[in-house]
Each structure stands twice: as C-alpha cells, then as structure tokens.
Amino acid sequence: MIPGKIYFVGAGGIGMANLVRYYLRHGSEVAGYDRTASDLTRQLETEGARLTFTDSEEEIPQSFRNAEETLVVYTPAVPDSNRILKYFRDNGFEVIKRAALLGKITGHTKGICVAGSHGKTTTSSMIANILRNSETGCTAFLGGILRNTGSNLVLDEKSEYSVIEADEYDRSFHHLHPYIAVVTSTDPDHLDIYGDEAHYLKAFSIFTSLIRENGFLITHAGLKYKPDVKPGVRVMTYSGGAEGDWHAEDIRIGDGRIAFTLVGPDVRIENLEPGVPVEINVDNAVAAAAAALLAGATEEDVRKGLAEFKGAKRRFEVWLDGKENSSGTVLIDDYAHSPNEVKASIKSVRKLYPGRKLTVIFQPHLYTRTRDFATEFAEALSGADEVIMPEIYPARELPIEGVTTFSILDDVKSPEKRYCERKDLLNLIKNSNFEVLMTLGAADIDRLLPEISHILE
C-alpha cells in the first residue's frame, strides 16, 4: 500500500534517498528533514521532495501534520533528541525505521540482498546493472549512486526481483527476506552497536537464517561467521581467486584493464572485463555474476552488464586519470572506511600506477571506529608514500576523551605524514604537487572533490 503522504527524518542519507525516490515515483507527497543540504538533497528537491534543514517542528508542512494521513520514516543515524522526530512520536504518528519499511516494500519480491562490512555497494550495483538491461529486470535499492543511471534507485514494476543493499548497522538487515543472499565480508565494524566481534558475526548468522526455503546463499570463502540456513537453501562459496564454488581463473591486469574467466557450477565464461578495473572488483564481479545468473540472467547479460558498469559514486571513482592536466596528476576517491578496505584500495592503486608517488587523504569516520581500529588503520595507511589526515568526522557521535586523529596518525609508518584541519585542505592542495592523490573515508570529504579536481586541473 502506497501512503498518500510520507515524511523522512534523515532524508539526505544515501539509504533513505532511494526510498524518497521510490515514493515520489509512486505518486506520494514527500517531505523530510536532514541536517545539511547536499548535491543529493538538491536533486531530491528537483524531483519533488519538500525538504528542510532546520530541526524545528515549525518546519513540518501543515499538510503533513495529520497522523491519519502521514507515515513517518527515520534512520537510526538521527538522534532521539531530534525535535522533528520527537514531534511525530509525541503526536500519535506511525513512525517506522527505514529498514523496516524497506523490508515491507521488498517482502513480496524475490530479494537479492547483499550484506558485508565492505563490498556490498559495488556488488549490489553490479547485480543491478546486469539485471536492469536483461529480460529478468529488477528494482534496486542501492547504497550508492549507480553512475550508469545517476540514481540509487532502479525501478521495474514488471520484475519479480529486487536488489537490496543489506546494511548491518543497527541490525537493519534483519528486516529483510532474501531469496538470494550474498555475504561479501565480515570484518568487525559498528562495535558501538554490537559490542564485540562475536555478536557482530552472530548478526550475519541471523541474516542467513532469513533466506527463504529453496533460496541461495553466496558467501565469500574463508569468512568467520557460521551460516544458519533453512532446509533447502543452497550454500555456495565464492572468491576472486581460485577458491570457492564460484571463482576467477586466468586473471590478467595491465594497461588499465582487468580480465578474467568466471568458473561456477556448470558455468565457464571467459574474458570478462569489469568496467571499473581495480583488483577488488574481480571479487565483486564473481559474486555479482553468480547472483545474476541464479536470478535468470544469461551469460551475455553478465558479460555486457559487467563491461558497461561505470561503478558507484565514491567507490574507486576516478576524478582525474592524469590525462586532463599537464602535470599528469591522478585523483581517485574511495569510500573505504575499514582497515581492510583502506589496505585494498591502496594496493589496487599501487598496481594501477606502479612507481608513482601515492598521497592519501584519509578522514576518520566516527570516534568509536577510530578507537576500536586505530592500530589497524595505521598499518593500512602505511602502504601510502604520504598520508594527510584531518580531524575525525563525528557523524552521529559525541567526542570520546583521548580519541583523535593522532590515535591513528602517530603510528603511520609512511615516509611523509601530516595533520591538516579539513578547512585548510584546499590551501594545502593548492601549494603541493601530487602524482597520485587518493581521498579515502566515509566522511564528507567527497564534498571537496569538485574544488580539489579544479585545483589539480
């Protein structure tokens, strides 16, 4: 059932924005609040959403003040002290978490749900790009902007399949009902929610228990968690190497291209080339191809969908390839925000641009994540020639005494390293020379990329 009016608290979050678009496309009146305006919120406004950036109940449009007519959706990233959220709760409105609503929308479909501490946005985007141009089709709710479409929503009313990025934060993925589940990784994260690694891994076991009977689990080889599936669910492993029921052979990297052969049960597809040629995308492409084939895509659909895949914004996004400017500077942005992601991103750049000096600007995201993984982040960042770090981006958190950027930076072993406040980054970049510059992290550093790109050009 499509509500006539729906209000989103936290409307500018990437995971909320696809629901905003979904209801706009279905004719609902949509309004909402977010803390700050962004390119994404401005786009949502052009599509019809009425948004405010002031936390005051007076900002709620009069037409959204009838509890009988308005559904309210919120993200856990919004604190309980938010005045708009409090108004709705205090006045008898139905208030539902984003994850619960997503579960309701997709519950009647064959959900292809991609979970993992890293890799889920790229993998789900690859699946969506394969299926959207196939006879199978799909609706997709993505955690990044698919650059092929310029949106994080793919809508196909005729398809029985939905592709869903299954977020483990706040146990959101426990609201889903997968037909095909993909688990890309289980590196501990969100320990502010889970407390320790054991409870984090248990959450993934619970997620697999939600797979429908006679469904499929495609899980990366070597993960620590223990799947807990219903009778009849087929469990298969995958990897970007030689291990797993689905795997890659004959991997070839060079001249800015990657090619490999996909091998699976009764499947062999040679010379697949992911459109975004970084090493980790072999892993992601194997999982995406496996899920798409199980959903009914053809081998040619897989070949075409992977080759034409332009990537998701902020997932190894090349802003400058070195050909646009006389200095030949390369600029790459990546959302990597866990130690293993950071390490993999740096390793991939090293392979793509051997022999060139690599400078990384890494903005830590969350005090708890910095506290819990400072040593691991320092080790991962030490793979760069130069590391520049601004202050921690707090997002939803309050400061923790003794936890700062220097919790990481002091242990970085790179030949050059420095602290630079975010407000001073552009001036630093203006007065520096770079060969390969990479911005990393889940914070808001991406908002500086247009200016950084302009400076480097």
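A: A quick definition before we start: strands here are DSSP runs of E with at least two residues, numbered from the N terminus. Also keep in mind that this is a predicted model.

Q: Great. Where does Glu 386 sit?
A: Glu 386 belongs to strand S19, which covers residues 386–389.

Q: Is Glu 386 buried or exposed?
A: Glu 386 has a relative accessible area of 4%, and because the cut-off for buried is under 20%, Glu 386 counts as buried.

Q: Which side chain does Glu 386 meet in a polar contact?
A: Thr 359 is one partner, joined side chain to side chain at 2.9 Å. The side chain of Arg 418 also makes a polar contact with that of Glu 386, at 2.9 Å.

Q: Nice. Switching topic: how many residues does helix H1 have?
A: Helix H1 has twelve, residues 14–25. From first C-alpha to last, H1 reaches 17 Å, close to the 16 Å expected at 1.5 Å a residue.

Q: Is H1 mostly covered or mostly open?
A: Mostly covered: ten of the twelve residues in H1 are buried. Among them are Asn 18, Arg 21, Tyr 22 and Tyr 23.

Q: What follows H1?
A: Gly 27 does, with a positive phi near 90°.

Methods. Residues numbered from 1 in each chain as written. Predicted model: local features only at pLDDT ≥ 70, side-chain atom pairs only at ≥ 80, totals over all residues. Heavy atoms only, no water. Helix = DSSP H or I, 4+ residues; strand = E, 2+ residues; numbered from the N terminus. Buried < 20%, exposed > 50% of the residue type's maximum accessible area, 1.4 Å probe, protein only. Polar contact = N/O pair within 3.5 Å; in protein donor to acceptor, adjacent residues only side chain to side chain. Expected span 1.5 Å × (residues − 1).
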